[in-house]
Amino acid sequence: MSSYRIQGATGEWEVVIGLEVHAQVTSKAKLFSGASTAFGAEPNTQVSLVDAAMPGMLPVPNRECIRQAVRTGMALNAVINKWSRFDRKNYFYADLPQGYQISQLYHPLVGEGVIEVSLDEKDPEAEIKQIGVERIHVEQDAGKLMHDQHPTRSYVDLNRSGVALMEIVSRPDMRSPAEAGAYLTKLRSILRYVGSCDGNMDQGSMRADVNVSVRKPGEELGTRTETKNVNSVRFVMAAIEHEAMRQVDVLESGSKIVQETRLFDPDKGETRSMRSKEEAHDYRYFPDPDLLPLVLDDAFLDECRATLPELPDAKRRRYETDLGLPAYNAAVLTAEAETARWFEALLAESARIQKKGEAEVAKAASNWLISELFGALNRLGKDIEHSPVSPEQGAELLGLVADGTISGSIAKQVLEIMLETGDAPGKIVEDKGLKQTSDTGAIEAEIAKVLEANQDKVAEYRGGKDKLFGFFVGQTMKAMQGKANPQVVNELLKKALG
Amino acid sequence: MTELTDLGVRALRDGIRGGEFSAREVADAYTDQVSRAKELNAFLVETPDHALAAAKAADDARAKGDTLAPLAGVPLGIKDLFCTKGVEATAGSHILEGFKPPYESSVSQRLWDAGAGMLGKLNMDQFAMGSSNETSAFGNVKSPWRRSDGGNAVLTPGGSSGGSSAAVAARLCPAATGTDTGGSIRQPASFTGISGIKPTYGRCSRWGVIAFASSLDQAGAMARDVTDCAILLEQMAGFDPKDATSLDAPVPNWEAGLSSDLKGKRIGVPKEYRMDGMPAEIEALWQQGIDWVKDAGAEVLEVSLPHTKYALPAYYIIAPAEASSNLARYDGVRYGQRDLPDGANLQEMYAATRDHGFGDEVKRRVIIGTYVLSAGFYDAYYTQAQKVRTLIARDFDMAWQDCDLLLTPTAPSAAFGLGEKSDDPIAMYLNDVFTVPSSLAGLPAMSVPGGLDKQGLPLGLQVIGKAMDEQGVLNAGLALEERAGFRARPEAWW
């Protein structure tokens, strides 16, 4: 995993990466005002007097935002600071009405934590790496400038102004674009499990500032650059790759890396300079005198802990040990909270219908979900949340296979009809007459016809060409329109062929 | 017959309740006084309709036999730092000229809920930065007082609540709201021979009060006597969930708790307040005050507040630091004045707006505040000042082991002439030397008139109490008031 190296003219280079992830806290109201946070509203319709920084307006912390950040910290096994404080970060910009952002520099809400990542979650042999989380603090988002509304003017939309963000700062523990990608993916998964951030990177709910430096293996850390606001896992990996190569080129040409802020251009796949350290703002951080220190009591922390769901790592281990699922299946089903939720509903319902323990039905259910339903959803371009088939319908379908009402191949047909019509599988089987038959008379009649029509092959079979047995099974099943019980067909064919 | 404008809050309230006069008559009398006192420049906006509407509500309620609200029909002056719905609020600065807030500050809303009316918005030092009222962008308030030397020197009403002090002293309103960051209620009260109380930090909501230095700003009451201060403050104070620093504690019935009997009270006299070069008259008044509280039954003892001399420097770091950030929102974008030179970009618009919108004193403090928060200077200034603040608070805590209240002069001098100190910021800042320590510690403190100096100008005595002990402060104030028998009032020359 850590063997990623850039081959330069002067030898190998190691890449050192740290990520600062800004995650919008899932909350109906903003961090310090009661205004709504819903995405996509008309500009400047979700702005309170506080968000617009009217004279004399004061921030009041929103307990739900704090709760979500604490739960996130707990999910990362991080230290929760029972005493934290808000600071003002002062700078002037048109999207920042107060002239300062309320953030936490000196005393963040959450301290050291860790995220366990595997470069390939689906490979049980893949190396596991611990990526340190330095801190999580909560802060206000700024508004948004719109430059495309008027030929000479820029417009300001304050809907985002004051929305709560968690800034999750990693240690510089990553050594390859793939590791950074795995970290971000895992972090996003955990946030979605916890329910503290929806992780919608395309809507800006999650974005990353990417810190990159390069060095000869074993040497001191190099000078880093920070690429701001990268908004997808793929772009983060691309930005790192480009930026690391650029730094190697700069160093090998005898120049030095300038500590600076850069931007990633997704169209060109490259980073470019935004401002250097010399141009960096002096933010004049100081404790926000409008707010008292945030002091959390044990009851609050207990409540936060009690509402934490089972997290992906624990769930994956449970699927493997308790349900006996293969590592691949367990990894796929737990990667996203929605998938796991769907699977667990399917599992519970299947166990109920089949009157069996969950562990007994788990493997068939997981295989069906991964190979059949995922395949179908993929074709439809839908994710599991928007599946036209419910877990209950899936369980009913699996039940029909388990009790021999339909065969596996008929089940595939039934699923297709379910996806189209939304009908229950039992109804589809009934309406279309897809029930599997074990009626020996009907099967024997079809077998007789098949043998009659293929006398040459019968002779060959009897002459020792055993492989032809499959051909007769296929012909018989075809003649039965797939509805014959395959086991019965097998037995009757063997008898008929002697 | 006594003029209605000679009556204070309690007399007006009781008179309206008892039917001795109507609230309408009160409102008419006061609005008339206000309209005839433009020379004092105490009011930036006059709102007679507001006062008359409250008067009508009070008279109607009485006619119907309803129980009258605590301040029914009492007209008040409101310092322009309070946002008042639909009425221009400028904080004495050009940068907010024309700004009519679409909301009402929590404190003023409480007063209207209590039945009071508003006579108008009172002039003040720009953004409450100043001790003489000379930093107001709309011209300084003139004190109604003049020296007895027969000269016509125009005197300061003090600052920053100079409009409030002048209006109360000149009988333009029975009482007024003020705000106090480092002495802005107490010093002007002292200069104009009225009473003023700054309660414990957090007693009065800051919501809707234009911020100067958030950790210090506190609203309070200014009136002609201690009782009226108690009545007004009782209606201003109270927990407000919209202010995260608001005190979540019940507001006592201070008026009912008033007692000038100080038996059993130990009153400390801080030796560090006896400063070199303090005028003999101030010294003498202080001694007089000591005698008065002893007469009221208190035991007086000397105490030490060893870090007092660091209070003023620390204050003039912390307050500008907070102000430099609080005033960043005045950028010409959303309200108030905007200065957009031809072809100007965003930064140039900010610069032009602030250059023309802010006065010199505001600029001075914004620059000082920006400097002390800058990288490389933060620890040397801001962090040190915060440490001093902690030590000052500890000084008071130590003193409270030996005494219940402190007695000091309010200001190091009587009112000075306008222009006498305006070129010397340090001399101006020294006005706050006795008031700033209790502000830094967030303690309740009040000024009551003690007497006149030899030029016939009022001098005030300050009582400082423990956090939440406004009652103790008011009671000691009342004991001083009864013994001082201060009856002097400025002759109307305006």
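Where in chain B does B:Leu68 lie? B:Leu68 is in the loop between helix H3 (48-63) and strand E2 (75-79) of chain B. Helices (H or I, at least four residues) and strands (E, at least two) are DSSP runs, numbered from the N terminus. This is a predicted model, in which local features need pLDDT of at least 70 and side-chain atom pairs count only at pLDDT 80 or more, while totals for chains, interfaces and linings use all residues. Residues are numbered from 1 along each chain as its sequence is written, and chains are lettered from A and ligands numbered from 1 in the order in which they are written.

B:Leu68 is partly exposed because 18 other C-beta atoms lie within 10 Å. A residue is buried if 20 or more other C-beta atoms lie within 10 Å of its own, exposed if 12 or fewer, and partly exposed in between, with C-beta atoms placed from the backbone. Setting aside neighbours within four places in sequence, B:Leu68 is in contact with B:Ile16, B:Arg17, B:Ala58, B:Ala61, B:Arg62 and B:Gly115. Contact means that the C-beta atoms of two residues, placed from the backbone, lie within 7 Å. From B:Leu68 to B:Leu430 there are 362 residues in sequence and 45 Å in space, C-alpha to C-alpha.

Chain B also touches chain A. To this contact chain A gives 24 residues and chain B gives 33 residues. On the side of chain A, 16 of the residues are nonpolar, four are polar and four are charged. Here Ala, Val, Leu, Ile, Met, Phe, Trp, Tyr, Cys and Pro count as nonpolar, Asp, Glu, Lys and Arg as charged, and the others, Gly among them, as polar.

Now consider chain A as a whole. Chain A has 15 helices and 16 strands. Buried residues make up 40% of its 498 residues. Its C-alpha trace spans about 95 × 55 × 50 Å along the principal axes. Of the contacts in chain A between residues at least 6 apart in sequence, 69% join residues at least 24 apart.

Within chain A, one pair of helices can be examined. Which residues of helix H7 and helix H9 of chain A make the contact? Among them are A:Trp342 and A:Leu346 of H7(A), and A:Pro391 and A:Leu398 of H9(A). By class, this contact of H7(A) with H9(A) has eight nonpolar, four polar and three charged residues.
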